[in-house]
Amino acid sequence: MHATRPVLAPGGLPLLGHLPALLSRPLAFLDTLPAHGDPVRIRVGPREMYVVSGPETVHRVLTDRAGYDRTGPLYAKIRTFLGNGLASCPHADHPRLRRIVQPAFRPALLPHYAEAMTAETTALLARWREGRAVDVTREAFRLTTAVAVRTLFSAGLHPRAAEDLRAALDVLLRGLYLRVVLPAADLLPTPARRTYRRALATWHAGVAAIVADHRARGIDRGDVLALLLAARDEDGRPLAERELADQVATLVLAGAETTSAALAWSLRLVAEHPEAERKLHAEVDAVLAGRPARWEDLPQLPHTARVIDEALRLYPPAWAISRTTTRPTELAGARLPAGALVVCCLYLLQRRPELFPRPGEFDPDRFADGGPPRGGYLPFGFGATKCPGDRFGRAEAVLALATVAGRWRLRPAAPGPVRPEPRLVLSPGPQPMVPHSRPGAPTG
């Protein structure tokens, strides 16, 4: 059988294609795609993209490093933000950079990192007040940013500097999604473009400040920045200053935004599902007895971990992973040209009904017996480019969720569902919730 061109998704408009749907209701639009094939073709203005969401096609794209690379116009835009970091570099650069970064996430270091996770979570909750709404999306980001900077770079970050970094990252993640689906956004002299450029300058300045602070202290604390500073290439040369900053930027993003999104989603989902909340509270009360969660508690918090895992299934932070074909290729009987943009949609993969019955329901207990189906759950990616900090991020989210649940019951400040905000990371967006103390919880 000869390879054929993938089916074009219906609903495209003349000239614009599927751009309006991707800007106004992207997840609802994506939900319609599996019915039309895998891969399925969509149009964004004059460009075409190929969306894949089946386990076989996703695995093929993410493991065929010769046929699919992190190149092309999309990654050129990402590199204006992250540089040539571990999450954005072409495959040719990836093995060397991963060898430099991977030692920072070796299992022996995780208990030490967990001490900072517990301390920063405790400090965050000390600022909450009974009945006073907090934006848990913003609070989760503040927590994970502080943990990332403290553990990976052995540095403290002044609250104002952390807030500037958070605000810049928020603008960049939102603006980058717009630039992916609407490349002309960078050509229009609009206030939004000026805001994006200011945020990019703030981001680069913040990253440079982290590196400068580490250099000024001149102490090798065995953290990832010390490893990066000591790294040498095959010719004995250290990382260039820009390359060093690129790795720091990537680690701040990976260590902050992805974990904070998982935690923020978990807090909201638990509040909306009384039985899952009841089990969570019963578990943390029995294990923690009112104190903050620590590394050694993790084996005794299986339900808490399943809440995080189910939130990651429903709303994977890295919800769409793209690759560019390096040559004409065939994928699941479909013909793809060289230079084609292929989008592995993990949001769709992890909601396939043949892999997860009742895929749209929040059900942490689906992970209780044997774990997720093989190949159907990839919240940290897959293959050689899988996130090296997956255990770091999951441990942080579980410890934070357990500590919050041990002290507070959170309720949405306003009725109605949360509207996901698709951007580089799938975030719940602003999410005000009201903390109420749990009078029945042990006090320790």
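This dialogue walks through some features of a predicted model.

Q: How many helices and strands are in the chain?
A: The chain holds 15 helices and ten strands.

Q: What radius of gyration would a compact globule with 444 residues have, and what does the chain have?
A: A compact globule with 444 residues would have a radius of gyration near 22 Å. The chain has 22 Å, so the value agrees with that of a compact globule. As for extent, the C-alpha atoms fill a box of roughly 65 × 55 × 45 Å along the principal axes.

Q: What describes two packed helices?
A: Two packed helices are described by the angle between their axes and the distance between those axes. Take helix α9, residues 191–217, and α11. They pack at an angle of about 105°, and their axes are 9 Å apart. The two helices are therefore roughly perpendicular to each other.

Q: Which residues make the contact of α9 and α11?
A: From α9 come W203, V207, I210, V211 and R215. From α11 come E241, L244, A245, V248, A249, V252 and L253. By class, this contact of α9 with α11 has ten nonpolar residues, two charged and no polar ones.

Q: At what angle do the axes of α8 and α11 cross?
A: The axes of helix α8, residues 159–181, and α11 cross at roughly 90°. They come within 12 Å. That makes α8 roughly perpendicular to α11.

Q: Which residues of α8 and α11 meet?
A: L165, L169 and L173 in α8 meet V252, L253 and E257 in α11. The residues of this contact of α8 with α11 divide into five nonpolar, one charged and no polar. Look again at V252 and L253 of α11: they are also among the residues in the contact with α9.

Q: How many cavities of 30 Å³ or more does a search of the whole structure find?
A: The search finds three cavities of 30 Å³ or more. The second largest cavity has a volume of about 80 Å³. It is lined by 13 residues, and the closest to its centre are L267, V270, H281, W408 and L410.

Q: Which elements each supply at least two residues of that lining of the second largest cavity?
A: They are α11 (241–272), α12 (274–288), α15 (390–407) and β9 (408–412). Of the elements, α11 gives the most to this lining, with four residues. By class, the lining of the second largest cavity has nine nonpolar residues, two polar and two charged.

How values were computed
Residues are numbered from 1 along each chain as its sequence is written. This is a predicted model: local features need pLDDT of at least 70, side-chain atom pairs count only at pLDDT 80 or more; totals for chains, interfaces and linings use all residues. Side-chain values use heavy atoms; hydrogens and water are left out. On a 1 Å grid over the protein atoms alone, a cavity is a set of points where a 1.4 Å probe fits but cannot get out, and a pocket is an open set with protein on both sides within 12 Å along at least five of seven lines; lining residues have an atom within 4 Å of a point. Grid points are joined across faces, edges and corners, and a volume is the space filled by probe spheres set on the points. Ala, Val, Leu, Ile, Met, Phe, Trp, Tyr, Cys and Pro count as nonpolar, Asp, Glu, Lys and Arg as charged, and the others, Gly among them, as polar. Axes are lines fitted to C-alpha atoms, for helices over the stretch in contact, and angles run from 0 to 180 degrees between N-to-C directions. Angles under 35 degrees count as roughly parallel, over 145 as roughly antiparallel, 65 to 115 as roughly perpendicular and the rest as oblique. Contact means heavy atoms within 4.5 Å. The radius of gyration is taken over C-alpha atoms; the globule rule is 2.2 Å times the number of residues to the power 0.38.
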